[in-house]
Structure formats: structure tokens, C-alpha cells
Amino acid sequence: MPISINSLKARTFSKLGQRGSIFGMAIFDIVEETPNLAVLTADLASLSGLDRFVAQHPDKFYNIGIAEQNMLGVAAGLCAEGYKPVLTTYATFLSLRSCEQVRHYMGYMNLNMVLVGSGAGFAMGFSGNTHYSIEDLAVMRAIPNIVVLSPSDSTLAVKAFEAAIKIDKPVYIRLTGGLNCPMLYKEDFPYEIGKAIKIRDGADIQIIATGIMVNRALQAAAMLEEKGISAEVIDMHTIKPLDTSAIALNKKLIVTIEEHNIIGGLGGAVAEHLTSKGAGVKLLRLGIQDQFLKSGDAEYLLEQCGLTSNLIAERILETLK
Amino acid sequence: MMNTEELKLLSYNLRKKSLEVAYGAGRNGAHLGGGLSTIEIFAVLFGSIMKYDSKNPLSEERDRLVISKGHCVLAYYSALNLFGFLSDEELALFENNGAFLHGHATRSLERGIEFSGGSLGMGLPFAVGVALALKRKGSPNKVYCLVGDGECDEGSIWEALMSASHFGLNNLVVIVDKNGLQYDGKTSDVMSADSLSAKFQSFGFEVSDVDGHSTKKLVNAFCSFSNTTQPKAVIANTVKGKGVSFMENVKEWHHSVLSEAQYTAALEEIKNEYAN
């Protein structure tokens, strides 16, 4: 039975944020359907919202301590023996510290584990650059066999998690935002890995966004409407395989928006597609401009990178001039 | 379970086969030194210790062998061949373009290969996960994991040892092929890790430190571990290139090309030493 979504549940998910929705709620439906589930973390059980799961299913939980590389290996061994491992810690430690382990066990050995990288982008705020994950999409995308998901709100995070458990492929899920993640999907809908969702029609330009940037893209599109520019908005929740059929070649401008370095992530993936098609359409890549940042909370940092809806709309208007 | 004489003959056959395969690799060369140091370990594991059925390689009742030290493939492939997992035809294609057998083994349960080796420090964490899984299934089977002493430079080895002990994995047996040489020279010069026994013990392991070329002592080590919840380790003291005098303890033979004259001389030497 798929996890049912209704407006009440979507509101609750929204309050809990992406991580809380998965590990505080959805995981209990998943474990019912997946008796071979194995949940692993590297000393982040409480922070991941797993306390209730650990209390109820101690036999399905493994805390590996602060040893992310070993966590990937232990999960791989469990997976090879028929268990379905779900691993979670900060996105940066999964994608960078354990990069070769991800490549070896999930890429090369093709073991169907589910990595849930939390606190991606700038979600870790004052923890600083060591904790920001702005390269994870690029890293994961470059490893053969791995499916890369980047949900835009809490409901979609739950949908992505459910789909990741069911699909027989290694999956990385990138979680952005904190608590009170803005709600985009209020009712149930069909979700399919690799199939982008058009959430706004528009004739002039196309905005392709991912993660919590989708909500800002929608707000920016509304501002552009007031200036007479009609913007289509695509929720690109799967970064790999990229839904290239959703990319419009007949617009004046394509804009990608991501809470990730503009190199190697969504913008990079779209650019690769456009150049291979020989498309003449101009591409504006919005995201983190290949830099580390000074101290700040997530909202401040996003503003520094031009990733508020106002600044996004301004930047698009400038480009269209 | 093979007796001492049978294990000696098996060791001879494994050495002979390893040299044949290395010679067959031609100018590509092969990992000779670290293959020859593990011969008796493989002889004992396949000949006397492990439970497996090459006719039913996926059987849940099998013991698992995880080769973390990926470059011992000559001995490993030879053992898989002699015990019915790998055909002569497959073995003859070792390191050929388009063939399945890389210079480091790639996972293929049908061929008895549990793990893709090559990058060091990857096998032991995996073995810990396998051992955890067998415990969860209630399986009485064991996980054997072969690591190199040079490989123990990798931090992931120590993370894995820590977790094996934490989870009480007495179904895990780590075998260290302690030949004292790594790519750049003596392990004591490159990155000294002695005493491995004391270090493993301090990480909660029950350790047996033995001559890794004595099949009798190896068998005894594997068979005499206690019933405690501790994970087990055999520190097998070996000689890199063992059995071929011009390769023994010569770091350049870690990976090298065998000339016809060297091949003939090596075969002659091991025949005199092991087949009489």
C-alpha cells in the first residue's frame, strides 16, 4: 500500500520538514511493508528524528558511530545479504567523505541502498562551510548507476523516499530546507522517478528548479507575471536520470535554480543537454556561484547568493533586457 | 577436512596454477608477491575450514569469504578454479581485453566471488555488514575476511574493527596476510603498524598470531577460537613471494612480468620444495 497523502498529512509533513517527515513519520509505513529494512546512521539518530523508530525497531537500526565510510561498508554487507539499507547523515559527509565508498559499493557493486543526505545546501546555517553541501549533486551524478533525487517539499520527500525503497537501484536523496518547509503538494498525485512535474504554465521563459528552490521559482514567476513575462515552472525532482523531455527548447530563456554550486548540479545537467541538442536557447544558471561563504543563517546565505524570489525575478528581468 | 599432506599438495598446486596464470598474463604482469604470500591461507580456507558448495554457490548455508586485499587474485582465482567455481576457460582469460577476470576480483556470486576488491580498506567494513546480516538471520555461518598488513594503513580498517567488536561479531574472522612489504617497501619503513596482534586485541578481537605458511598452524588457529562474543583474527606471518627465491621479500615483485626463464625456474623451485 502506498503512503496516503491528504491535506492534513501534507500540513503535518510541512511542519516537520523533509527529514522529519521521512524519519519521524513515513518510515513507520515503510517498515511495515519492508520487513528487511535496515536503518543506519553515523551518530545522528536523534538529530535525524529517528528516536521513535529506534525505540520501536531496535533490531532494524544500526548506529555506526562517527564513521561514515564504515557505515557505507556495513550497509553494503547488509544489502548483499538481502536487507534494504537506508543510511542517513549530513549530505556533505555522504557525498564527500564517503565518496569513494558510494562509488565502490553503490556504483561499482550496484548494491541497492538508499542514502538520505540531510541538511543539504545551506540548511546547516551557522555550522559553517564544513557542513554545507553544495557539491553533492555533482558528485552523485558522476557515479554510474546512482539515481539522484532532490525533492522540493516534505510531501515530495516522502514520495521520493517511498519510491527509492521500491526501486531496485541505488538511490541518493538530497534533503534541503529545515522545519516548516513550504508546502507545494497538498493532495495526493502520481510521483514517478525521472518524470519532472510542470507546476506552472508559461509561454515566454522556462524556469527549472529543484529542492526548496521550486517554491521560490513559483514566487518569482508570479512577480514576473506582473511585469508581463509568462514563466513556466518545472519541478525537476530527479537530477539523474534527468527528464530531458521536460526541457523546453522553444522559449526565450531557460533558468535553472538550485541550492548547489552552479557547476555540476542541475544547471550543469541542463547545460549538458542543451549543448548536446545544439539548442540556441540561452541558459541562466542560478545557484551558488562557485564560492564558500561567510557566516550566516540559511536565509542570509541564500540572499547572498541571489536565491530569494525577489532577487531571482530581478536577475531574470536583467537577463531578458 | 584435508590432512597435512593433502594441504601441502594443494599449496603446491595453487602456487603452480598462480605462476601459470601470471605467466599467461604476459606483458600485463600480475600481482605475484602478495598472491604467493597467501597460498597457504587459501589452501586452508578452501581445503579445510570453509563451508561451501561450488555446485550451489548461492547456498545460504555457505561461509562467506571477503577478499579485501584485492591483489591476491592469483592465489584466489587459482583456488576458485581448483575448487570448481571458475572454469579453466575463464581463468585462461585473466586480464584479457573484454574478459571478466580483472587484476582485482569483481563480485560474482555464481563464481564464488562475494566482493569486488581493488580499492583498499573496502572489504572489511563490508564483511562487518555481512556478519551483522548473518546474525540477524540467525545463520550459523561465518564470514572470513582477508586483509593485507599494508592495507591496514587505511582508516576504514580500524573503523571496521571497532564496529565488529562493538556489535559482538564472533562470526567474523579477519585474516591478516602480514608479509611486511607494501608497494614502497617495508611496512615498518612506510607506516609501521606493529604490533598488529596487540592492536587487534586492544580493539576487542581474540587473536591468534601464527606462521602463515604452516598449514597445520593455520588450521589450528581457525579451529581453536573460543566461544566468546569477540570477533576473531588470525595474524598470518608470511613472506611476500613465498616459494620462489628470487621473488621472496623483493618489493618489485608486488606486480611484475614473468619471463620464460623466470617462469621455468620458479616452477622448478616450487616443485622441489612442495611436490616432494
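**Helices, contacts and salt bridges**

User: Which term describes how α3(B) and α10(B) lie to each other?
Analyst: This is a predicted model, in which local features need pLDDT of at least 70 and side-chain atom pairs count only at pLDDT 80 or more, whereas totals for chains, interfaces and linings use all residues. Residues are numbered from 1 along each chain as its sequence is written, chains are lettered from A and ligands numbered from 1 in the order in which they are written, and side-chain values use heavy atoms, with hydrogens and water left out. The axes (lines fitted to C-alpha atoms, for helices over the stretch in contact, with angles from 0 to 180 degrees between N-to-C directions) of helix α3 (residues 39-49) and helix α10 (residues 215-223) of chain B come within 10 Å and cross at roughly 55°. Angles under 35 degrees count as roughly parallel, over 145 as roughly antiparallel, 65 to 115 as roughly perpendicular and the rest as oblique, and α3(B) and α10(B) are therefore oblique.

User: By class, what residues make up the contact of α3(B) with α10(B)?
Analyst: Contact (heavy atoms within 4.5 Å) involves E40(B), I41(B), V44(B), L45(B), S48(B) and I49(B) of α3(B), facing T215(B), L218(B), V219(B), F222(B) and C223(B) of α10(B). Ala, Val, Leu, Ile, Met, Phe, Trp, Tyr, Cys and Pro count as nonpolar, Asp, Glu, Lys and Arg as charged, and the others, Gly among them, as polar. The contact of α3(B) with α10(B) accordingly has 8 nonpolar, 2 polar and 1 charged residues.

User: Which three residues supply 33% of the area that chain B buries against chain A?
Analyst: The contact between the chains takes 26 residues from chain B and 28 residues from chain A. Together the two chains bury about 2100 Å², 57% of it on carbon and sulfur atoms, where buried area is the accessible area (1.4 Å probe) that two parts lose on being put together, summed over both. The share of 33% on the chain B side, more than any other three residues supply, comes from M122(B), R136(B) and E159(B).

User: Which residues in α7(B) meet α3(A)?
Analyst: Helix α3 (residues 68-80) of chain A and helix α7 (residues 155-166) of chain B pack at an angle of about 60°, with their axes 9 Å apart; helices here are DSSP runs of H or I of at least four residues, strands are runs of E of at least two, and both are numbered from the N terminus. On the chain A side the contact is made by E68(A), Q69(A), N70(A) and V74(A). In α7(B), their partners are E159(B), A160(B) and S163(B).

User: How many residues apart in sequence are the parts that E68(A) and R97(A) tie together?
Analyst: The side chains of E68(A) and R97(A) meet in a salt bridge at 3.8 Å, N to O, a salt bridge being a side-chain nitrogen of Lys or Arg within 4 Å of a carboxyl oxygen of Asp or Glu. E68(A) lies in helix α3 of chain A and R97(A) in helix α4 (residues 91-97) of chain A, so the parts joined are 29 residues apart.

User: What is the N to O distance in the salt bridge of E81(A) and K137(B)?
Analyst: Over all chains, the structure has 21 salt bridges, and the count between chain B and chain A is 2. The side chains of E81(A) and K137(B) meet in a salt bridge whose N to O distance is 2.7 Å.

User: Where is P241(A) found?
Analyst: A cis peptide bond, with omega about 0°, joins K240(A) and P241(A). P241(A) belongs to the loop between β10 (238-240) and β11 (253-261) of chain A.
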